[in-house]
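Thank you for sending the model; my comments follow as numbered points, to be read with the structure open beside them.

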Amino acid sequence: MPEPTPLSADHPLLALLRRHQRVLLAGAPGTGKTTLAAAAAATLARRGVVCRCLSVDPGLPGFGPPGAVALGVWRGAGWHPERLAALCSLDAARFRLPLVDALRRLAAHCPPGPLLIDAPGVVRGAGAAELLPALAGVGDARALALLVPEGAAAPLADECRALGLPSRRLIPAAEARHPGKLARRQRRTAAWQAWLDGAGELTLRLDGLAVLGTPPPRAAPGAWRGRQIGLLDARGETLALGEVLELTADRLRVRAAPPSASVAAVVIRDAHRERDGTLATAPRHRQARPAVALPELTRRLPPATADGGPRPVVRLERAVATLVNGVFGDPLLHLRLRHQRRSLLFDLGDAGRLPARLAHQVSDVFISHAHFDHIGGFPWLLRSRIGDYPACRLYGPPGLAGHVQGLMSGVLWDRVGDKAPRFEVAELHGERLRRYALVAGREPETLPSRPAEGGLLLEEPGFGVRATRLDHGTPVLAFAFESQTRARVRKARLAARGWPPGPWLGELKRRMLAGQGDAPIQPPGEAARPAATLAAELLDMRPGQRLVYATDLGDTPANRRRLQALAKDADILVCEAPFLEAEADQARRTGHLTARACGEIATAAGVACLVPFHFSRRHAGDPRPLYDEIRSRYPGLAVPADE
């Protein structure tokens with residue numbers, strides 16, 4: 001980093017430091033927090049004042065290695081790290097609790113004097129709302145400096161006010177720019193490589209060594225190679241930060257600086273070295289699982305029936321999904337949640353085969369777009385929701401609220417009174433949901449918008465639904481239903497230990513599902529142990545399942561890229577395949593996929609099972625050529641069998 005430009009004597013950040021000593025420096029990525037912190041420290045150094053900094057952005061820290069929280073002091077022309085706390089992740093939002101705990105450990109070692117807490121650039125979503133007050137609290141911040149571009153709305157305004165700290169809004173320097181994802185990754189990799197320069201190799205015996213965080217299974221040694229690893233002493237303090245070279249049966253070979261004390265534990269999360277040498281976030285490791293049990297194609301498929309042909313059914317651990325109108329009919333996927341009287345719908349084509357009572361159990365409807373075969377079943381839902389029912393939530397692309405309101409406005413509602421159907425419509429605009437309350441017979445009401453980071457539309461205990469935008473000549477959404485990792489108690493092992501069940505097991509599950517493997521859990525009559533240590537013995541951790549639904553998209557590079565990212569390693573991909581490759585011109589004119597493209601997308605995404613649908617009725621007499629073409633590109637095809 002070039003030597004920073006000194007700040008003026010009356011700069012507001014220097015004034016905050018003089019009065020309050022500990023200042024939390026926050027703002028969106030690219031607003032220049034790290035550069036400003038260095039400039040403030042350099043200015044104070046010229047006056048003989050020693051300034052320290054807690055660098056809390058693991059993705060691209062101002063000093064110290066990526067994947068860690070660092071405490072540093074300004075000497076000469078730069079920061080000099082004094083202590084580290086290994087996070088082994090670049091994702092401050094996902095691992096916010098371990099991040100806050102790392103900050104707590106380092107803050108306890110800060111001597112009196114000016115201290116800047118350089119916060120990560122997480123300013124949107126639930127993670128940001130939780131992270132800001134936690135950083136202020138454990139860092140014992142006495143003031144807040146918030147970098148906000150001129151004319152822009154301040155992020156986390158309510159959370160900032162709730163801190164009750166003296167605060168100043170600072171305008172970023174004119175040259176402050178977000179480096180971009182590529183430059184950020186290159187700088188992060190260079191910093192990590194520089195950190196490892198001169199490091200040696202050491203071998204750790206895993207017997208008796210606590211393995212914390214969210215490591216891959218030991219049965220998958222390839223997933224360990226290149227993972228960032230923190231070496232910890234018996235008190236949980238970081239001795240060194242390095243990289244896994246190899247995992248064998250009972251030994252771990254790592255590249256790291258020699259530790260200054262005995263290693264009692266290691267921490268591993270999701271920071272890893274990719275094949276091209278860059279430091280990035282590892283994809284979620286997925287254990288091999290048997291293919292989803294769906295019938296295979298036998299000698300002949302039956303001709304399509306009047307109700308749209310065969311209706312594939314997919315059974316997941318948390319839900320049962322049915323293509324209501326078959327592979328030829330209007331798109332309508334009914335997802336019935338197990339152990340609940342509740343259903344989700346993906347698209348809302350002809351709903352005549354659904355009973356009215358089901359509409360009372362539908363809580364959320366995810367509409368890809370408003371072409372008639374995808375929304376024509378809305379009158380069924382509208383009529384069935386007359387009564388004392390809560391608002392049904394609808395999600396879709398921009399303009400959905402207007403289309404729904406138009407369908408509702410075509411009916412006279414003078415006699416329904418307080419029993420008018422009510423809906424909450426959310427339109428995905430970028431990474432934000434614009435929301436509207438629609439009540440039959442009344443004017444629409446605009447509701448407060450909310451963030452949809454990463455396309456996340458709905459998040460509840462047990463599952464979530466996210467979306468990505470595709471192109472069909474009009475904006476179209478594809479959806480992913482994602483169930484969360486499940487933790488089951490191994491009762492035989494619990495009994496062998498002689499430990500009775502109780503609330504402590506629920507706490508163990510919660511900690512592990514939240515990625516807090518280093519949290520202390522106390523079994524009955526025993527000393528507290530890290531959650532990850534107990535979980536390795538007592539819990540069966542099963543990864544959550546994912547079902548992706550995509551229809552009505554043109555075969556373009558952008559559409560393929562976005563859908564493949566959404567469906568990466570999914571258990572089920574329900575995807576349209578209307579035309580044969582010989583009909584590619586028709587597919588191109590109408591903005592649809594060919595069967596070949598459908599199979600290629602499934603293969604590129606690495607999905608476990610493909611369920612094609614939305615076939616053109618020109619193939620109703622014999623859909624086998626469609627299946628054959630898909631199978632030529634994707635061998636793991638699931639198709640209906642003869643009846």
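1. Is the crossing of helix 15 and helix 17 left-handed or right-handed? In this model, which is a predicted one, the crossing of helix 15 and helix 17 is right-handed. The residues that make this contact are Arg 560, Leu 563 and Gln 564 on the helix 15 side, and Ala 597, Glu 600, Ile 601, Ala 604 and Ala 605 on the helix 17 side. Sorted by class, the residues of the contact comprise five nonpolar, one polar and two charged.

2. Two packed helices are described by the angle between their axes and the distance between the axes. For helix 15 (residues 557-566) and helix 17 (residues 595-605), the axes come within 9 Å and cross at roughly 45 degrees, and helix 15 is therefore oblique to helix 17.

3. A second pair is formed by helix 13 (residues 503-513) and helix 14 (residues 531-538), whose axes come within 10 Å and cross at roughly 105 degrees. Because angles of 65 to 115 degrees count as roughly perpendicular, helix 13 is described as roughly perpendicular to helix 14. Helix 13 contributes Trp 504, Leu 508, Arg 511 and Met 512 to the contact, while helix 14 contributes Ala 531, Ala 532, Leu 534, Ala 535 and Leu 538. This contact has eight nonpolar residues, no polar ones and one charged residue.

4. By class, the lining of the largest cavity has 13 nonpolar residues, one polar residue and no charged ones.

5. The second largest pocket holds about 490 Å³ of space. Among the 25 residues that line this pocket, Asp 101, Arg 105, Leu 212, Asp 518 and Ala 519 are the closest to its centre. Strand 4 (78-86), helix 3 (96-107) and strand 13 (265-268) are the elements that give two or more residues to the lining, and the largest share, six residues, comes from helix 3.

6. What classes of residue make up the lining of the second largest pocket? The lining divides into 14 nonpolar, three polar and eight charged residues, whereas the lining of the largest cavity has no charged residues.

How values were computed
Residues numbered from 1 in each chain as written. Predicted model: local features only at pLDDT ≥ 70, side-chain atom pairs only at ≥ 80, totals over all residues. Heavy atoms only, no water. Nonpolar A, V, L, I, M, F, W, Y, C, P; charged D, E, K, R; others polar. Axes fitted to C-alpha atoms, helices over the stretch in contact; angles between N-to-C directions. Helix = DSSP H or I, 4+ residues; strand = E, 2+ residues; numbered from the N terminus. Parallel < 35°, antiparallel > 145°, perpendicular 65-115°, else oblique. Left-handed = near helix turned anticlockwise from the far one by under 90°. Contact = heavy atoms within 4.5 Å. 1 Å grid on protein atoms, 1.4 Å probe; cavity = no way out; pocket = protein on both sides within 12 Å on 5 of 7 lines; lining within 4 Å. Points joined across faces, edges and corners; volume = space filled by probe spheres on them.
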